[in-house]
Structures are given as structure tokens and as C-alpha cells.
Amino acid sequence: MTRILVTLPIPEPGMEILRRAADVDVIALDHVALAQRCASGDYDVVVAQLRDRFDSASLASARLRGISNYAVGVDNIDVGAATARGIVVGNTPGVLTDSTADIALLLMLATARRAVEADRMVRAGEFTGWAPELMLGTDVSGRVLGLAGFGRIARATARRALGFGMTVRFCPRPPSDRPVDDEELGEFGGRVEHVSWDELVATSDFLSLHVPLTESTHHLVDARVLGAMKTSAILVNTARGPVVDESALVEALRGGVIAGAGLDVYEDEPATAPGLSELANTVLLPHVGSATVSVRSEMARLCAENAVAMAAGTLPRHAVNP
Ligand code: DGY
């Protein structure tokens, strides 16, 4: 029987698929211990979490058929190094598109309408009655949403934002650009506008990030970009923390360079940059873009099916390095 190492149990539908097909060990391991297990030759496949780091050094001695990531993002894995070792890397695309777009909208609305501040006020017993100037926020309808990226999650966010009466602009591969094809634009039929990164930054009331973490998107939003945004703008990040220079963001929020930020991801998770959590103009979530019962179950199924296929030496349904 093939052997699969699971570093953190995934929801039961996935565990069941794994147990039916393989000998499964569930063991929480730090970086060094994980690298040792991967090099031991004891396992065919690792079912990995975003917190498990597979860098070129640890992959250099890995003896595995595959790594099945319980996520759509694979920035915790040096995919080039895995490919060089003949290790297939699997992920879980598609199933978390809508839930993540929901969280982008939730963060936009919650930040613009000061939902968390308002909730705290009521709980603290400080709500003394309706008042004309109580907790005034920013409108969403009629405002410009700028999407950095135009993949599945960005397009699902666009769909929702159009429903809220927003104007939607996008830059498909910031900081540079790429053409978009008719298939991507199809359903939007001229209702969204393709602009340059600089224009997106300068004209958005809400700037929402939907790019993978790569060398070119690391600190895509830095002090310069924050300085080029409207002072009334709100930044939303449901992508990856290191896409934003978080210390520069804290400074920008403190100094009124931008108006607010809604974040689901952080540069050095689970830590947040000093000062961030003290700022009232932020809404901070603990990386829950895909956190619904049904989405996590679907991710578990996909991840387990990928792992079982890899262990059998066949190509999984979703591989990023076929
Ligand atoms: C992913 O899948 O990449 C999310 O960040 C976690 O679900």
C-alpha cells in the first residue's frame, strides 16, 4: 500500500478518501522534521498546509511522488525545485472562488461602513441612541473598485461589485500588464474596464488584491503605491500577505495616506505588523477566505483525490507542474 503523510488533518471527506487508498500518518512537524520525513523515502505523498514550507533546500533531498497542497495558492512550495526533483504539486482551484470573493466584499463593506467599530460600540454599552453623525462611513455604490488581477476570484468579486452598483476596473497582471481574452471578458460585456496598474492605483476608491504571491508581486503595494492611492481609498487583501508591505501600510493608515484597510492575510502569518491591530480604520480577519463548511469539505476532497492519484503514479486532476 502507498503511504501518505498528512501534516494536519483535513476535513473528514478528504481523510476518508486518503484512508481508503493508502496508509496514512497524521503528524504535525516543524520545518526541519518535515524535510527529514520527506527525505526518508517512507512516504509517497505529503498532504500539506500553507504553513508547511517546501523550499529548494528541503526539496533537494526529498524522495516523494507528490505534494498535495490543501489550498489553491502554492507559494509555500518552491514549485521549480519540486519540478526539478520530479515531484508533482497539486492544489485545490475553483471550489473556493465564491467564498473568497464573498470575503473581499465583506471586507469592503465592513471597512467602509465601520462595522467592527460599530459592533464594539454596541457591546461596550456606548450606543446611546440614533444620531445624525453616528458612525458615518463611505458609500460603496457609485464608487470605483480596482481589481489587481483578473483571475477567477477577481472576476467573482467583480460580479458582486457590479451588483452593488460599483464601477469596476482591473489590471490583470500588475505591476505590468497582459492582454485579456474574450473568454475572460465575455460575461462582463464592456461593464468592466481594463486599465494600467498606475491608473488603477490612482483612480480606485477600493483596491482589492487578487494576485498570486510571486517575485513580481512581493510588496506590490508598497509605500510608493500607497502614496499614489486616493486619501479616501480602502485597500482590501484576500490574496497573500506579502503582496503588501505591511509596515508601510501601518504607516499609511496612521498618517491618513489612505482611509482604511480590510485584510484577511498578513505578511508574516499568524503575526501582524506592530501597530496594525490598534488601528480603528482596519478590519482584520484570520485568513478565512475559504472558511465555509462546504468549501473546506470540497477542498479536502480535491486535495485527497490529488494525493491518491499522485501516490498511484498518475496525474492528479489539479497539478500546477504537470
Ligand atoms: C488558498 O487556498 O490558497 C487560501 O489562501 C486558503 O484556502
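Author: Happy to! Let us begin with a rule: a residue is near a molecule or strand if its C-beta atom, placed from the backbone, lies within 6 Å of it. By that rule, the ligand is surrounded by Ala 71, Val 72, Gly 73, Leu 96, Gly 289 and Ser 290. To sort such residues, Ala, Val, Leu, Ile, Met, Phe, Trp, Tyr, Cys and Pro count as nonpolar, Asp, Glu, Lys and Arg as charged, and the others, Gly among them, as polar. The shell around the ligand then has three nonpolar and three polar residues, with no charged ones.

Two notes before we move on. This is a predicted model, in which local features need pLDDT of at least 70 and side-chain atom pairs count only at pLDDT 80 or more, while totals for chains, interfaces and linings use all residues. Residues are numbered from 1 along each chain as its sequence is written.

Now to the record. UniProt positions are given in the numbering used here, with feature names shortened, and annotations may be inferred rather than shown by experiment. An unreviewed UniProt entry gives "domain: D-isomer specific 2-hydroxyacid dehydrogenase NAD-binding" for residues 106–289. The end C-alpha atoms of residues 106–289 are 10 Å apart, and the span is 29% helix and 15% strand. Here helices (H or I, at least four residues) and strands (E, at least two) are DSSP runs, numbered from the N terminus. The unreviewed entry also gives "domain: D-isomer specific 2-hydroxyacid dehydrogenase catalytic" for residues 4–321. Residues 4–321 are 36% helix and 15% strand, and their end C-alpha atoms lie 20 Å apart.

Next, helix packing. Axes are lines fitted to C-alpha atoms, for helices over the stretch in contact, and angles run from 0 to 180 degrees between N-to-C directions. Helix 5 (residues 97–112) and helix 7 (residues 152–163) cross at roughly 55 degrees, and their axes come within 8 Å. Helix 5 is therefore oblique to helix 7; angles under 35 degrees count as roughly parallel, over 145 as roughly antiparallel, 65 to 115 as roughly perpendicular and the rest as oblique. Their contact (C-beta atoms, placed from the backbone, within 7 Å) involves Thr 97, Asp 98, Thr 100, Ala 101, Ala 104 and Leu 105 of helix 5, and Arg 152, Ile 153, Ala 156, Thr 157 and Arg 160 of helix 7. By class, this contact of helix 5 with helix 7 has five nonpolar, three polar and three charged residues.

Another pair is helix 1 (residues 12–21) and helix 12 (residues 293–311), packed at an angle of about 20 degrees with axes 7 Å apart. Helix 1 and helix 12 are therefore roughly parallel to each other. Among the residues in contact are Gly 14 and Ile 17 of helix 1, and Ala 300 and Arg 301 of helix 12. The contact of helix 1 with helix 12 has ten nonpolar, two polar and two charged residues.

Finally, some backbone details. Most residues other than glycine have a negative phi, and most peptide bonds are trans. Arg 114, however, has a positive phi near 55 degrees, and Arg 114 sits in the loop between helix 5 and helix 6 (115–123). A cis peptide bond joins Pro 174 and Pro 175, with omega about 10 degrees. Pro 175 is in the loop between strand 7 (167–171) and helix 8 (182–185).

Conventions. Contact = placed C-beta atoms within 7 Å.
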